[in-house]
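Reader: I would like to learn how to read a two-chain model. Please take me through it feature by feature.

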Amino acid sequence: MTNLTLPYERLTYLENFGHSLKAASYLYHPTSVDEIESIFKFARQNGLKVTVRGAGRSYNDAALNGAGIVMNLTRMNKIIDWNPKTGLVTAEPGLTLENLWHVVLPDSWWPPVVSGTMSTTLGGCLGMNIHGKNNFRMGPIGEHVTEFTALLPTGAQVTCSPTRNGDLFHSMISGMGMLGVFTSITLQMKKIESGFLEVHAFAVPDLKTHLQAILENAPVCDYTVGWLDTTAGGSGLGRGQIHAAKYLHEANDPEMKKGLQVQNQTLPATMFGVFPKSIIHYFMAPFTFNLGFWGVNTAKYVASLRDETYRQSHAAFHFLLDYVPNWELAFGELIQYQSFIPKETAEDAWREILTISQKRGMPSHLGVTKRHRPDKFLLTHAVDGFSLALDFKVTRGNRAKMLVMLQEFDKIVLDAGGRFYFAKNSETSPESAAKFLGAETVARFKALKQRTDPNNLLESDLYRRVFAV
Amino acid sequence: MPVNKTTAATPLQPRRRAIIIGSAQGLGAAMARRLAREGYLLGLADRNGELLGKVCAEINQAGGPGQARAYVHDVTNTEEVPALLQKIMADLGGLDAFIYVAGILLPTTPTTYEFDKDRKMMEVNALGALAWYNLVAPIFQALHSGTIVGVSSVAADRGRLGNPGYNASKAALDTYLEALRNRLTRHGVHVLTVKPGYMDTDMLKGVERPFLVASPDKAAEDIWNAMRRRKQTIYTLGAWGLIMLIIKHIPSLIFRRLSF
């Protein structure tokens with residue numbers, strides 16, 4: 001034998017969402033369950049590992065698999081059944097949230113939980129068990145799944161619901177795609193009366209007020225999200241702006257019918273009416289340095305000082321990350337550090353984290369806060385508290401310093417009883433992961449994996465990293 | 001076990017990966033140590049498993065377990081190359097650079113003719129390299145990325161009376177690398193030809209080395225710099241470039257009467 005048996009012509013470099021990582025993989029786009037099965041078979045014969053990939057919107061290595069197989073499921077994106085009476089939708093795993101809401105909105109429904117971008121696929125959303133700006137009220141997306149079917153690497157096809165194969169249900173959702181491949185997913189949509197939300201935006205002058213405002217608004221609102229000025233120090237540390245939104249009801253929305261049309265939800269194609277948004281990221285690039293971050297954040301805070309209440313479409317409120325297409329390109333290489341900390345300890349921990357990042361000259365350029373509550377899924381990231389997501393620009397010169405800083409952050413978060421999210425943080429060590437998950441959870445997950453995937457066919461760079469395989 | 005935790009790449013701990021064929025001693029071992037200092041994950045192959053194990057152990061002591069992995073391989077056994085390449089790539093989690101250093105010089109005299117020696121040098125210096133390049137090239141071509149390094153020699157530039165078989169084996173490799181470069185540059189792949197002059201390694205033990213002798217570490221440094229700067233052909237030491245420029249232009253009328 002003097003030739004390669006592997007299909008090297010399929011080798012492709014795939015990236016994470018922040019363009020800060022790439023890995024070469026044998027890329028497949030299966031279109032049916034049979035094809036997925038034959039890819040498993042090929043992988044088993046050739047000693048390769050398989051990773052499932054959706055839209056590739058994870059900030060870390062969740063959908064990367066160096067020198068292994070990556071199965072991109074975005075071509076398995078059919079809606080199998082949509083019932084506008086019950087709001088139950090059954091779809092293939094590659095269906096994006098965008099294609100989902102386009103179908104359900106005209107019938108007065110909206111996905112109960114959405115991510116900050118609508119490009120994500122249902123399979124990816126379940127694998128990571130995404131949350132939205134309503135996590136405190138609606139939980140993660142997994143709580144709205146009534147049933148799913150999955151293909152296990154053993155070849156078995158299973159049907160899971162909260163009551164049927166409940167252990168698999170609660171572990172495959174949140175399981176990073178390491179236990180099996182979702183083949184169809186049934187989700188309960190949320191009934192809405194209007195296509196618009198009433199948004200109340202107001203400034204908060206410091207971290208204490210910031211968290212207090214989220215805490216107080218959450219119980220009376222449908223969505224709450226905070227923007228945190230990461231560059232402000234001293235008495236203004238943690239200042240920012242809260243957006244609290246409520247569903248509009250038929251009685252108080254004269255334009256109800258209009259809002260339920262897809263074209264009235266779509267984000268405008270130009271900014272300030274002139275600039276095509278596809279080029280905006282070029283103009284953002286010059287601001288992606290420390291002084292620029294400070295300028296943009298300060299200007300945003302000053303602008304937020306005026307209280308405002310306005311109406312906004314669901315799409316415009318939720319999908320901020322889609323507002324400027326390819327915005328992440330402006331940063332070159334980007335990572336996100338998100339921590340979930342109980343409400344009792346969050347303020348002190350984040351005070352320390354924000355102060356350290358400012359002192360080291362590596363302030364984040366964007367901070368986002370949310371309110372959370374615990375859930376029953378095995379690899380859960382949620383706590384009864386808050387999350388703070390910090391975006392950082394990675395440069396050739398700051399890598400080593402930033403790594404040391406993030407390792408210190410991990411310690412602060414863990415000491416505060418916090419947790420991490422496997423779709424976001426890219427540097428979480430196996431030790432940190434084991435600590436927040438707990439030995440029992442890790443053992444349970446490994447036992448389940450032994451059952452569904454005894455030959456460890458499913459592995460991603462993320463799984464190998466956080467489980468030290 | 002494919003990738004352990006020390007081989008996981010993250011945005012803040014990026015990893016590049018290289019294979020070095022012929023890395024148990026001399027220039028290959030020096031290259032391994034040089035790339036290890038740059039943080040490369042290394043797949044090291046050599047027929048001398050014992051010496052190779054020592055090189056790996058030394059690198060892993062400094063860089064953490066798993067930075068260098070040893071694979072015992074005799075380059076004349078071309079049959080095992082495809083499976084071995086696939087295994088190393090899976091173990092490393094990818095491939096950014098492929099470096100072929102393996103080479104032998106079997107001494108002879110201007111009046112002896114020994115086909116067995118010529119064949120052995122052809123097999124190790126040229127054919128073994130071709131077996132690997134034919135597999136690595138399409139992979140890098142598919143990825144539109146990667147660096148291929150081959151260690152030719154100043155001996156490739158002119159055939160001399162001392163060792164025709166060695167000259168021919170290095171000339172074959174040299175021309176092959178040039179052709180490979182012409183195929184792959186358009187696909188974004190970098191092909192580097194390295195032409196060492198005298199070097200302080202076991203290969204030239206007993207050979208008189210009057211001037212311009214490079215230490216393996218110095219040569220490895222030159223090669224690393226050439227990889228970074230995407231040079232096409234380098235001489236090490238650099239002064240050999242000038243010397244060979246002159247030698248290449250000596251007319252045959254004179255050259256065939258010289259005694260070196």
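**Reading the two chains**

Author: Start with secondary structure. Chain B comes to 8 helices and 7 strands. Its radius of gyration is 18 Å, close to the 18 Å that the globule rule gives for 260 residues, so chain B is as compact as a globular protein of that length. Keep in mind that this is a predicted model.

Reader: What does the C-alpha trace of chain B span along its principal axes?

Author: About 60 × 40 × 35 Å.

Reader: And how many helices and strands does chain A have?

Author: Chain A has 15 helices and 21 strands. Apply the globule rule again. For 469 residues, a compact globule would have a radius of gyration near 23 Å; chain A has 22 Å, which agrees. Its C-alpha atoms fill a box of roughly 70 × 55 × 45 Å along the principal axes.

Reader: Now the interface. How many residues of chain B are in contact with chain A?

Author: Read the two sides separately. Chain B contributes 30 residues and chain A contributes 34. Then take the area. The two chains bury about 2,600 Å² between them. Of that, 68% is on carbon and sulfur atoms.

Reader: Which residues of chain B lose the most area to chain A?

Author: Pro11(B), Leu12(B) and Gln86(B). Together they account for 28% of what the chain B side buries.

Reader: What about charges and polar pairs across the chains?

Author: Count each kind separately. For salt bridges, the rule finds 0 between chain B and chain A. For polar contacts, it finds 4 residue pairs, both partners at pLDDT 80 or more.

Reader: Which elements give two or more residues to the side of chain B that touches chain A?

Author: Helix H3 (81-92) and helix H4 (115-143) of chain B. H3(B) gives the most, with 6 residues. Next, sort that side by residue class. It divides into 19 nonpolar, 8 polar and 3 charged.

Reader: Let me turn to the inside of chain A. Into which domains is chain A divided?

Author: Check whether a domain is one segment or several. Domain 1 covers 8-73 + 449-466, domain 2 covers 79-191, and domain 3 covers 196-431.

Reader: How do I read the contact of domain 1 with domain 2?

Author: The C-alpha centres of domain 1 of chain A and domain 2 of chain A lie 20 Å apart. The contact takes 24 residues from domain 1 and 23 residues from domain 2. The two domains bury about 1,900 Å² between them, 72% of it on carbon and sulfur atoms.

Reader: How many salt bridges does the rule find across the interface of domain 1 of chain A and domain 2 of chain A?

Author: It finds 1. The side chains of Arg451(A) and Asp167(A) meet in a salt bridge, at 3.0 Å from N to O.

Reader: Which elements give two or more residues to the domain 1 side?

Author: Helix H1 (33-46), helix H14 (439-452) and helix H15 (461-466) of chain A. H1(A) gives the most, with 5 residues. By class, the domain 1 side has 13 nonpolar, 4 polar and 7 charged residues.

Reader: Last topic: backbone geometry. What is the general idea?

Author: Most residues other than glycine have a negative phi, and most peptide bonds are trans. Now look for exceptions. Ala67(A) has a positive phi of about 60°, although it is not a glycine. Ala67(A) is in the loop between strand S3 (50-53) and strand S4 (69-72) of chain A.

Reader: Which residues does a cis peptide bond join in chain B?

Author: Thr236(B) and Leu237(B), with omega about -5°. Leu237(B) lies in the loop between strand S7 (233-236) and helix H7 (239-248) of chain B.

How values were computed:
Residues are numbered from 1 along each chain as its sequence is written. Chains are lettered from A and ligands numbered from 1 in the order in which they are written. Side-chain values use heavy atoms; hydrogens and water are left out. Domain bounds come from an automatic or database domain assignment. Contact means heavy atoms within 4.5 Å. Buried area is the accessible area (1.4 Å probe) that two parts lose on being put together, summed over both. A salt bridge is a side-chain nitrogen of Lys or Arg within 4 Å of a carboxyl oxygen of Asp or Glu. Helices (H or I, at least four residues) and strands (E, at least two) are DSSP runs, numbered from the N terminus. Ala, Val, Leu, Ile, Met, Phe, Trp, Tyr, Cys and Pro count as nonpolar, Asp, Glu, Lys and Arg as charged, and the others, Gly among them, as polar. The radius of gyration is taken over C-alpha atoms; the globule rule is 2.2 Å times the number of residues to the power 0.38. A polar contact is a pair of N or O atoms within 3.5 Å; within protein, one must be able to donate a hydrogen and the other to accept it, and residues adjacent in sequence count only if both atoms are side-chain atoms.
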